[in-house]
Amino acid sequence: MASEGEDTQDRSAPPEPSAFHHAYAEGVHAPWDIGRPQAELVALAEAGGFRGDVLDVGCGPGDNAIFLAARGHAVTGLDLVENALVKARARAQQKNVPVQFVQGNALELELLGRTFDTVLDSGLLHVFGSGMRAQYVASLARVVRPGSMYHALVWSDREPGEGGPRRLSEADLRAAFASGWKVRELRPARFEHLLGGKGYAEAWLVSIERTE
């Protein structure tokens, strides 16, 4: 039995980088590439959830980053997969929206050499088991200041079945950010996808403030 704060799928390794490279190969359409920003993040932005300079970590094809940049934010989108960034840059150019898209590792965000007021994570956090999740949270801490916000949209343990990404519980999220962070809001949400069925997965939208 998993202890509190330990997700039940934690023994599984994160997907190999090659899986994400394949997802953006020519002729392949990633199921999370819905061609528009996630509706939950649009609503969050309209409610004033984003301020200042924004980092979209694991930005994929860039639709969330482009949406935020169009609202006037200086946005940096980071992804491990160059083909994802090629798509993101093309979409930004098509919409004539300035976004800085850079290739990089989410576990080494300090290499960006700067800090941000807000960090967006749409579908990256649930890739990591608890060990790598701790590395990721430490990486986030190196690019934000006290008072900065981190918003994440992640698959929830309320989503039935076993296919797709790791499901995280409320306890998993609170445990990951227990030190140096404060959860300001954590609520049920929807993660839109192209996997068929109802067209979305049960998710959490969590907003966490860096406190130290």
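Accessible areas here come from the Shrake-Rupley method with a 1.4 Å probe, and for residues only the protein chains shown count as cover. This is a predicted model, in which local features need pLDDT of at least 70 and side-chain atom pairs count only at pLDDT 80 or more, while totals for chains, interfaces and linings use all residues. Residues are numbered from 1 along each chain as its sequence is written, and side-chain values use heavy atoms, with hydrogens and water left out.

View 1. Helices (H or I, at least four residues) and strands (E, at least two) are DSSP runs, numbered from the N terminus. Read from that end, the elements follow the order α-α-β-α-β-α-β-β-α-β-α-β-β. The accessible surface of the protein chain is about 9,900 Å², and carbon and sulfur atoms hold 51% of that surface. Of the 212 residues, 51% are buried (under 20% relative accessible area; exposed means over 50%, and partly exposed lies in between, with a 1.4 Å probe and protein chains only). A contact means heavy atoms within 4.5 Å. Among contacts with a separation of 6 or more, 71% join residues 24 or more positions apart.

**View 2. The largest nonpolar core, with 31 residues.** A nonpolar core is a set of buried Ala, Val, Leu, Ile, Met, Phe, Trp, Tyr and Cys residues joined through side-chain atoms within 4.5 Å. V57, L125, Y136, Y150 and W181 have the most contacts inside this core. At least two of its residues come from each of β1 (54–57), β4 (116–122), α5 (130–141), β5 (144–155), β6 (181–192) and β7 (200–210). Another core, of 27 residues, lies apart from it and includes A92, V97, F101 and F191. As general background, nonpolar side chains in soluble globular proteins tend to be buried together.

**View 3. An aromatic cluster made of F128, Y136, Y150, F177 and W181.** Rings of Phe, Tyr and Trp (its six-membered ring) pair if their centres lie within 6.5 Å; planes under 30 degrees apart count as stacked, over 60 as edge-to-face and the rest as tilted. The structure has five such aromatic pairs. One of them joins F128 and Y136, a tilted pair with 5.2 Å centre to centre and 40° between the planes. F128 counts as buried because its relative accessibility is 7%, and Y136 is buried too, at 0%. Leaving out residues up to four places away in sequence, Y136 touches V57, A106, L107, D121, L124, L125, F128 and Y150.

**View 4. R158 over the ring of W204.** The charged end of R158 sits 4.9 Å from the ring centre of W204. A charge sits over a ring if NZ of Lys or CZ of Arg is within 6 Å of the ring centre and within 35 degrees of the ring normal.

**View 5. Helix α2 (residues 39–46) and its buried residues.** These buried residues are E40, L41, V42, L44 and A45. They pack against α3 (63–70), β4, β5, β6 and β7. After α2 comes G48, with a positive phi near 90°.

**View 6. T118 in strand β4.** T118 counts as buried because its relative accessible area is 0%. Beyond its neighbours within four places in sequence, T118 is in contact with G49, F50, R51, D53, V54, L55, M149 and H151.

**View 7. G60 in the loop between β1 and α3.** With 2% relative accessibility, G60 is buried. G60 and D79 are 19 residues apart in sequence, and their C-alpha atoms are 6.2 Å apart in space.
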